[in-house]
Amino acid sequence: MKANNGAGKVIERMKPIVQGEYLSKTQMMACKHANGQDWWLLKMMHDSVSVYTFLITKDSVYNFGKQSFPYPRKTGVNNGYWEIMGQIQLSPDGKNLRLLVIICTMSCFWLIFDRCTGKLSNMQKKNIPILPTNFPASANEPDDKYSTGLSFSPNGRFIYTVNYTNIQQYDTWDPDSSTAWFHVANMDTVYDYLWGTLCHI
Amino acid sequence: MICDSSGNMLICSDGYNIYDKNLNYIDGGYRLVDSIFYDFEDGWSGYSQTSIILPIDSGIYYMFHASCSDTTLNNVWLVPSKKRHPLIGCT
């Protein structure tokens, strides 16, 4: 950023760090290594519940490989196009063990991410309540079942998921998963297709 | 988007290009992916979490983005019976 009087300059371009893999177009997230200097980069595969982990230092990028979990991943009605759906997020607290939540079309997965080792563990599958789409033009899709966006509350307690027309909240402090979900809002204005699929929370 | 400590934007990206604070391409920041793939994607990525910029050292940033070579685009992506194979690039 010091080049060109502060306007910046690209020093090296298009340097592959993994090739020949069927990666998700979306679903990439980073967090600081527990040492406070380096970074972890997490990247989802497209057709499986698998996460690539990279350690980013000021000297190099280290591929820590792919960690896979035995759950089928549903990618929707059209495997090609619907890959745009989904996000991954890490809980925002400063602990070494963070909660990684993966949301991909019709599934939600939780894992524990160790910021010291880069290892993922304790996979759980969470079922997001399916609510009505509640929009007249959606007769062919009466159920709002395609989850696309994901966010934590600043204190890390609540998880928010967004579908086409509904936002829901999950209370991670609630030991009963059947009561942890709360419907926050649904579509009450002009339907915008992009709201659900592209403009993630 | 990367900002300074006062919140002023320094650089930002749409996934396939990098812009300065005036939204001009920075030096070398135009088209960070192969050309046919760039055109195939209309020159920008409108989806979330397709790229990320990380501060690495003083004034040094890495940008990571999913991409696809033109060869893979023509031989795999655009062949209906085959899968897509994005890769991650580092800029």
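Two strands are taken to pair if DSSP finds at least two bridges between them. In general, the strands of a sheet pair through backbone hydrogen bonds, either parallel or antiparallel. Trp39(A) has Ile56(A), a residue of β4(A), as its bridge partner.

Chain A as a whole contains one helix and 15 strands. Of its 201 residues, 31% count as buried. When contacts between residues at least 6 apart in the sequence of chain A are considered, 42% of them join residues at least 24 apart.

The confidence of the prediction was examined next. The mean pLDDT of chain A is 83, and 82% of the residues of this chain reach 70 or more. Over residues 76-82 of chain A, however, the pLDDT is below 50, and this stretch has nine contacts in the model beyond near neighbours in sequence. Residues 194-199 of chain A also stay under 50 in pLDDT, and for them the model has 11 contacts beyond four places in sequence. Where pLDDT is low, the predicted coordinates should not be read in detail.

The largest nonpolar core comprises 36 residues, of which Leu41(A), Leu42(A), Ile88(A), Val101(A), Ile102(A) and Ile103(A) touch the most other members. At least two residues of this core are supplied by each of β2, β3, β4 (50-56), β7 (97-104) and β8 (107-114) of chain A, and likewise by β5 (60-67) of chain B. A second, separate core has eight residues, including Tyr16(B), Phe37(B), Tyr38(B) and Cys68(B). The surroundings of Leu42(A) may be described individually: with neighbours within four places in sequence left aside, Leu42(A) is in contact with Met28(A), Met29(A), Val51(A), Thr53(A) and Ile88(A).

The contact between the two chains takes 37 residues from chain A and 33 residues from chain B. On the side of chain A that touches chain B, two or more residues are given by each of β1 (15-18), β2 (23-32) and β3 (39-45) of chain A. The largest share of this side, seven residues, comes from β2(A). By residue type, the side of chain A that touches chain B divides into 19 nonpolar, nine polar and nine charged residues.

Phe152(A) belongs to strand β12 (residues 149-152) of chain A. Phe152(A) counts as partly exposed because it has 19 C-beta neighbours inside 10 Å, whereas a buried residue requires 20 or more. Residues up to four places away in sequence not being counted, Phe152(A) touches Gln89(A), Ser91(A), Pro92(A) and Ile159(A). The C-alpha atoms of Phe152(A) and Ile128(A), which are 24 residues apart along the chain, are separated by 15 Å.

Met1(B) is placed in the segment before β1 (2-3) of chain B. Because 9 other C-beta atoms lie within 10 Å, Met1(B) is exposed. With neighbours within four places in sequence left aside, Met1(B) is in contact with Met9(B) and Cys12(B). The C-alpha atoms of Met1(B) and Cys12(B) are separated by 4.1 Å, although these residues are 11 residues apart along the chain.

Positive phi values occur at two residues other than glycine described here. Phi of Asn4(A) is near 55°. This residue, Asn4(A), lies in the segment before β1 of chain A and counts as exposed, because it has 11 C-beta neighbours inside 10 Å. Phi of Leu23(B) is near 65°. Leu23(B) is located in the loop between β3 (18-19) and α1 (35-40) of chain B, and with 8 C-beta neighbours inside 10 Å this residue also counts as exposed.

Conventions. Residues are numbered from 1 along each chain as its sequence is written. Chains are lettered from A and ligands numbered from 1 in the order in which they are written. This is a predicted model: local features need pLDDT of at least 70, side-chain atom pairs count only at pLDDT 80 or more; totals for chains, interfaces and linings use all residues. Two residues are in contact if their C-beta atoms, placed from the backbone, lie within 7 Å. Helices (H or I, at least four residues) and strands (E, at least two) are DSSP runs, numbered from the N terminus. Ala, Val, Leu, Ile, Met, Phe, Trp, Tyr, Cys and Pro count as nonpolar, Asp, Glu, Lys and Arg as charged, and the others, Gly among them, as polar. A residue is buried if 20 or more other C-beta atoms lie within 10 Å of its own, exposed if 12 or fewer, and partly exposed in between; C-beta atoms are placed from the backbone. A nonpolar core is a set of buried Ala, Val, Leu, Ile, Met, Phe, Trp, Tyr and Cys residues joined through C-beta atoms within 7 Å. pLDDT is the predictor's confidence in each residue, from 0 to 100.
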